[in-house]
Amino acid sequence: MTAGSASAQAPAQASPQSQRGLPSMGDGADMTTSEERRLGDRIIRELYRDPDYIDDAVLNEYVQHLFMQLLKASRERGELSPELEERFAWEVLLGRDRTVNAFALPGGYFGVHLGLVAVVSTRDELASVLAHELSHVTQRHISRLIAQQSRQTPLVLGAMVLGALAASKNPGAAQAMMVGGQALAVQNQLNFSRDMEREADRVGYSIMAPAGFAPQGFVSMFDKLQQANRLNDNGSWPYLRSHPLTTQRIADMHSRVPAGMPPAPPPTLEHAMVAARARVLMRPGVDAWRQWEAEPRTTGFASRPAAQRAAAWYAAVLSAVQLREVAAAREGLKSLDAVVRGDPAAERQARLLAAEVDMAAGDVRMAAQRLAQAPAVPGSAPGGAAAGSPATAASAAASASLSVADLERAERGGVMGGAGASVGASGAGRPELIMRTQALLRANASAEMIGPLQTWVATYPRDATVWQLLAAVWQQQGDTLRSVRAEAEAQAARYDYQAAVDRFRAGQDLSRKSAAASDYVEASIIDTRLRAMQSLLKEQAAER
Ligand SMILES: [Zn+2]
């Protein structure tokens with residue numbers, strides 16, 4: 001994207017949006033999909049550095065999986081064009097923030113605060129918010145807003161979006177940002193029009209059932225928002241400010257719901273546990289953790305519904321981990337196991353939590369063993385990498401190596417999955433891979449993870465967390481060259497091209513000093529990747 005293309009000098013074009021339900025607004029040309037993606041990439045490059053950005057493997061997988069079901073339904077219903085699907089990132093980033101908020105960003109990125117995950121009663125309610133936000137993007141609302149505000153250069157637009165995000169976290173503070181030596185007040189954020197909100201409700205509602213969710217989730221989420229609205233909640237619901245519940249939106253919703261529709265289904269055990277996890281990890285403080293630890297001892301606890309008991313035990317165990325009370329955590333796990341027995345998805349969450357307790361207790365071998373009981377990462381471990389001998393793992397890694405073309409495709413491409421990469425509902429995947437690697441790194445026995453990690457980044461080359469783990473594993477195996485290259489790829493995955501160039505250069509220096517024949521292939525990959533990063537960096541500089 002050049003600065004001119006989104007500026008006032010851009011030639012006006014007929015807007016294709018006029019065919020998509022809403023009339024075209026403003027006279028600026030719409031941003032192209034690749035321009036919008038690049039703007040989004042620049043915004044999330046900053047978000048990845050935000051100390052509140054959290055890549056929690058369990059929460060990420062859960063939210064991203066719901067999101068991918070909605071994306072699939074959008075495509076099948078013709079709301080999502082193949083071009084848009086291919087160009088955009090479709091990644092949900094989680095923020096460790098107690099306020100209730102969700103938002104769409106340019107380029108198919110979405111932000112969800114842990115406060116939202118913590119407050120929704122069912123997966124259907126969470127899906128209703130994601131479906132609404134997703135529909136803002138599939139209906140190209142963002143590109144239209146940007147076109148309206150296109151007197152600004154893209155850099156200023158990016159700064160405005162970031163300013164809006166900062167304002168959503170800290171509503172009281174007046175936000176001003178320095179951009180190009182100019183102080184810029186950023187109240188002018190991405191505010192969707194009322195018509196856009198109604199359209200996002202309508203399209204979002206229509207994809208719920210096809211995506212496998214109860215449409216009643218939309219209704220109960222509205223009820224929840226209305227209740228918070230009545231309580232006039234003190235800024236802990238930024239979502240209500242960006243999404244005022246107009247009488248029109250409420251009337252629309254009631255007209256959509258057929259008469260006599262049964263109430264929303266109860267929460268699954270898995271949802272109750274994941275929401276409990278969000279409550280604990282959003283840092284509510286020591287007092288809250290102590291309260292949750294004590295919760296299962298309340299009178300009448302045993303007669304509560306299973307989902308409530310699973311949530312309470314989960315919160316109690318994880319709170320004990322936060323408080324470093326390992327014995328209490330182990331006791332709580334036994335009770336949790338008794339509640340979830342027979343429900344595979346909930347049993348899996350309990351097993352992941354048990355591995356966390358092992359890790360907190362320093363019992364890294366037991367954690368690794370527990371995580372290996374889960375089915376292997378689908379499609380992984382060709383040639384028996386799980387057998388554990390470094391030689392076997394290394395040869396498996398070589399066969400699973402990633403082509404440069406794959407990486408370049410990922411830089412521009414669509415659903416490659418970043419931190420939100422997920423293997424779906426199969427019940428095994430990224431959390432097991434990440435936690436098992438962490439455990440084996442601590443046990444100084446990480447060689448067996450080389451194959452599975454390599455296979456994972458071959459499928460999800462934008463997964464910076466897994467690249468970073470691979471770098472640590474290579475380092476532990478004494479292969480500095482591969483470690484440096486994996487670090488470079490982690491930086492590239494977070495769109496920090498300058499840092500990636502620095503690491504690739506360090507890799508080049510290393511490979512020149514090395515005489516090992518096996519480094520030859522790696523060195524040539526590094527050369528190619530360095531050139532690609534340098535040209536991306538040049539493009540980025542030209543945008544300013
Ligand atoms: Zn909205």
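**A tour from strand 4 to the zinc site**

Begin by selecting alanine 104, which stands opposite phenylalanine 110 in strand 4; strands here are DSSP runs of E with at least two residues, and helices are runs of H or I with at least four, each numbered from the N terminus. The model is predicted, so local features need pLDDT of at least 70 and side-chain atom pairs pLDDT 80 or more, while totals for chains, interfaces and linings use all residues. Residues are numbered from 1 along each chain as its sequence is written, and side-chain values use heavy atoms, without hydrogens and water.

Next, display strand 3 (residues 102-105) with strand 4: the two run antiparallel, joined by 4 bridges (strands pair if DSSP finds at least two bridges between them). In their hairpin, with 3 residues between the strands, glycine 107 has a positive phi near 85 degrees.

Colour strand 4 (residues 109-113) by accessibility: 5 of its 5 residues are buried, so the strand is largely enclosed by the rest of the structure (buried means under 20% relative accessible area, exposed over 50%, partly exposed in between; 1.4 Å probe, protein chains only). Tyr109, Gly111 and His113 point one way, Phe110 and Val112 the other.

Move to helix 5 (residues 123-138), where histidine 132 and histidine 136 lie 4 residues apart, about one turn. Their relative accessible areas are 1% for histidine 132 and 0% for histidine 136.

Finally, select the zinc ion: its protein donors are His132 (NE2), His136 (NE2), Glu197 (OE) and His243 (NE2), at 2.0 to 2.1 Å.

Methods
Donors are N, O and S atoms within 2.8 Å of the metal (3.2 Å for Na, K and Ca); water is not among the atoms, so sites may look incomplete.
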